[in-house]
Amino acid sequence: MAVVETRELSKHFGDVKAVDGVDLRTEEGEFLVLLGPSGCGKTTLLRMIAGLEEPTEGEVLIGGEVVNGLPPRARRIAMVFQSYALYPHMTVFRNIAFPLKAQGMDPAAREEKVEWAAKLLDLESLLQRRPRNLSGGERQRVALARAIVREPTVFLLDEPLSNLDAKLRAAARDDLLSFQRGLGITALYVTHDQVEAMGMGDRIAVMNKGKVRQFGKPEDVYHNPADTFVATFLGSPPMNLLEYQDFLIGFRPEHLLPVGVEQDGERTPFTFHVNRVENLGSERFLYGHLEDFAPDKRVIAMLPSTVTMPIPPDQSHSFVVALNRIRFFDKETGLRIEAQKL
Ligand code: ATP
């Protein structure tokens with residue numbers, strides 16, 4: 001196990017600031033997710049930690065030691081990519097054994113190690129197959145097995161589940177987490193999928209344009225976003241944001257509820273004109289606008305299936321948002337500010 005730290009870490013490609021002064025520090029054995037849209041610098045950040053990319057500025061520390069200048073091999077890290085990059089002409093056994101062979105380990109010790117990893121990842125019956133005869137989920141497990149045989153202290157994972165279909169993905173998420181917890185290895189996990197980030201991360205670093213916009217526990221990042229970018233990047237549908245006087249107000253779709261639904265504390269009433277209703281079974285989405293408040297801005301409400309009252313479209317309905325669910329943001333900077341009077 002080891003703590004990974006970056007200090008003022010930057011990478012510039014010409015004029016592009018791919019990573020721009022990132023300070024992060026994991027806990028021992030933590031599962032830390034780097035979340036952000038395509039091009040925000042997640043992969044570049046991970047590659048600098050791995051030693052595959054030279055930083056323009058700043059430091060990378062693993063286990064308290066600065067590793068800038070050390071080659072990937074000397075960093076005791078294992079990296080798993082989206083593509084897995086398995087060798088197609090080698091059996092699963094030889095794929096997993098490959099890094100050990102490259103390291104010069106003798107065949108008997110190698111075999112023992114491969115068997116250990118295969119058992120951990122439930123690959124024992126597949127050792128003689130070639131990658132093309134494996135399912136996506138199995139290939140992913142082979143890539144993980146190959147990554148752990150060198151007993152890394154840190155796992156770097158770059159969208160390793162994105163090739164799996166939705167159903168397999170949920171199972172693979174679960175397997176990957178219990179595997180990481182079992183070994184107690186610190187993991188940094190890159191994704192642009194906020195569901196994955198919320199479900200897997202002990203903490204999430206939300207990135208945009210090379211910078212970390214917020215770093216915190218999933219529930220904190222979700223409920224108390226640092227700015228409007230985080231507020232709308234997390235959550236599906238995203239937080240509703242409406243201009244009001246000199247600031248913006250935000251509330252999540254699940255917090256806009258019809259009058260009569262049990263809610264704690266003080267509430268703000270809104271007249272919600274519903275244009276369209278989408279019933280997805282587990283929840284109902286209502287699309288419309290708040291009549292007296294922001295008639296030009298689309299607002300979405302999300303009702304759980306337990307709220308069964310009829311809400312016909314093309315009509316106005318009395319809705320409320322609990323005051324403690326409303327967030328306020330600066331109109332200019334987008335940063336969250338303290339609660340204002342409505
Ligand atoms: P994705 O989710 O699409 O992989 P990402 O968040 O991982 O995106 P990076 O791959 O780190 O983003 O890229 C960050 C920025 O740096 C992008 O604008 C990208 O075009 C640029 N970039 C990355 N690598 C290079 C390179 N070798 N040369 C020039 N620009 C690069």
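## A buried aspartate and its partner

Asp20 counts as buried, at 18% relative accessibility (buried is under 20% relative accessible area, exposed over 50%, partly exposed in between, with a 1.4 Å probe and protein chains only). The side chains of Lys211 and Asp20 meet in a salt bridge, 3.1 Å from N to O (a side-chain nitrogen of Lys or Arg within 4 Å of a carboxyl oxygen of Asp or Glu). This pair links distant parts of the chain: Lys211 sits in strand S10 and Asp20 in strand S2, 191 residues apart.

## About the model

This is a predicted model, where local features need pLDDT of at least 70, side-chain atom pairs count only at pLDDT 80 or more, and totals for chains, interfaces and linings use all residues. Residues are numbered from 1 along each chain as its sequence is written, and side-chain values use heavy atoms, leaving out hydrogens and water.

## The sheet

Four strands form an open antiparallel sheet, ordered S2-S1-S4-S5. Strands are DSSP runs of E, at least two residues, and helices are runs of H or I, at least four, numbered from the N terminus. Two strands pair if DSSP finds at least two bridges between them. S2 (16-25) and S5 (65-66) are the edge strands, each pairing on one side only. Two bridges join S4 to S5. Ile62 stands opposite Glu65 in S5.

## Other salt bridges

The structure holds 11 salt bridges. Glu59 and Arg7 form one of them, at 3.7 Å from N to O. Glu59 lies in S4 and Arg7 in S1, 52 residues apart. Glu59 is partly exposed at 31%, and Arg7 is partly exposed at 37%.
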